Amino acid sequence: MFWPITLLGLLIGWLLASIPGALLGGLLGQVLDRRLGLDSWASLRARLAGKPVLQGQDLLFFLLGRLAKSGGRVSPAHIQAARDEMRRQGLDAAAQRQAIAAFNRGKASGDGLRDTLQRLRSQREENRRLIQACWRMARAQGQIGACEHELVLLWGKWLGWDAAEVAALDPGATRRKEAPAGRGGAYEQAMQLLGVRPDTDPQLIKRAYRRLLSKHHPDKQAGAGANAAQVRDATERTRELHSAYALIRERRGFR
């Protein structure tokens with residue numbers, strides 16, 4: 001664990017009053033670090049930028065919200081899975097409101113999670129429960145989609161677990177029907193669907209996504225006289241585009 005304000009307090013205290021000043025500065029810095037939930041330079045930068053520092057329950061429900069939205073639409077099954085997780089955590093009314101706020105931030109956020117998760121690598125047991133909760137949300141609608149599967153594996157990697165360890169934490173692994181891997185894996189399929197490459201600029205990826213979304217949107221197809229089957233196909237295509245873009249954005253770390 002690294003405490004940024006503690007270190008700054010030690011240095012400033014030493015410069016002002018030698019050893020007594022360093023001790024006092026370190027003590028005050030430790031109090032501030034703990035109160036603000038700061039455990040790295042990244043968390044301090046996030047706090048200074050006005051971004052919430054994700055940890056504990058907030059991080060859990062933020063991840064669940066991101067997973068729920070990764071397929072393009074948050075379903076009633078996702079909402080129910082979040083409620084089940086609140087009951088599993090034994091949250092009271094105030095904590096539930098906080099969890100709902102974190103879940104909604106996760107749905108709306110495009111911020112990368114790499115730094116946040118990598119800071120938690122030493123918290124092995126907490127990470128185990130976090131990954132298991134993510135698997136439960138990923139299975140909220142029954143079969144796990146390729147995007148959800150890839151995201152949980154990616155987050156597990158950032159937490160310091162290899163793919164086999166993360167897969168073994170899926171509580172429903174024996175019951176789950178695996179999403180088809182396809183050639184090259186989910187990430188490669190996502191890039192192929194959007195017609196982009198690993199080195200494509202994020203702005204060009206966004207343009208490709210929006211162009212395809214506009215082309216295949218079911219409302220546009222219906223307005224152009226498409227029949228019911230064609231509208232269903234367009235709806236499925238739109239869902240695939242949402243999932244592909246969410247996966248690429250998460251892997252590349254852009255908003």
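Here are a few questions and answers about this predicted model.

The model is predicted, so local features need pLDDT of at least 70 and side-chain atom pairs count only at pLDDT 80 or more, while totals for chains, interfaces and linings use all residues. Residues are numbered from 1 along each chain as its sequence is written, and side-chain values use heavy atoms, with hydrogens and water left out.

User: Is helix H4 parallel or oblique to helix H5?
Analyst: H4 (residues 76–89) and H5 (residues 93–108) pack at about 140°, with axes 11 Å apart. Helices here are DSSP runs of H or I with at least four residues, and axes are lines fitted to C-alpha atoms over the stretch in contact, with angles from 0 to 180 degrees between N-to-C directions. Angles under 35 degrees count as roughly parallel, over 145 as roughly antiparallel, 65 to 115 as roughly perpendicular and the rest as oblique, so H4 is oblique to H5.

User: Which residues of H5 does H4 meet?
Analyst: Contact means heavy atoms within 4.5 Å. On the H4 side, the residues are Ile 79, Ala 82 and Met 86. Their partners in H5 are Gln 96, Ala 99, Ile 100 and Phe 103.

User: Is Cys 134 buried or exposed?
Analyst: Good one to check! Buried means under 20% relative accessible area, exposed over 50% and partly exposed in between (1.4 Å probe, protein chains only). Cys 134 has a relative accessible area of 2%, so Cys 134 is buried.

User: How many disulfides does the structure hold?
Analyst: A disulfide is a pair of cysteine sulfur atoms within 2.5 Å. The number of disulfides in the structure is zero.

Definitions and conventions
Helix = DSSP H or I, 4+ residues; strand = E, 2+ residues; numbered from the N terminus.
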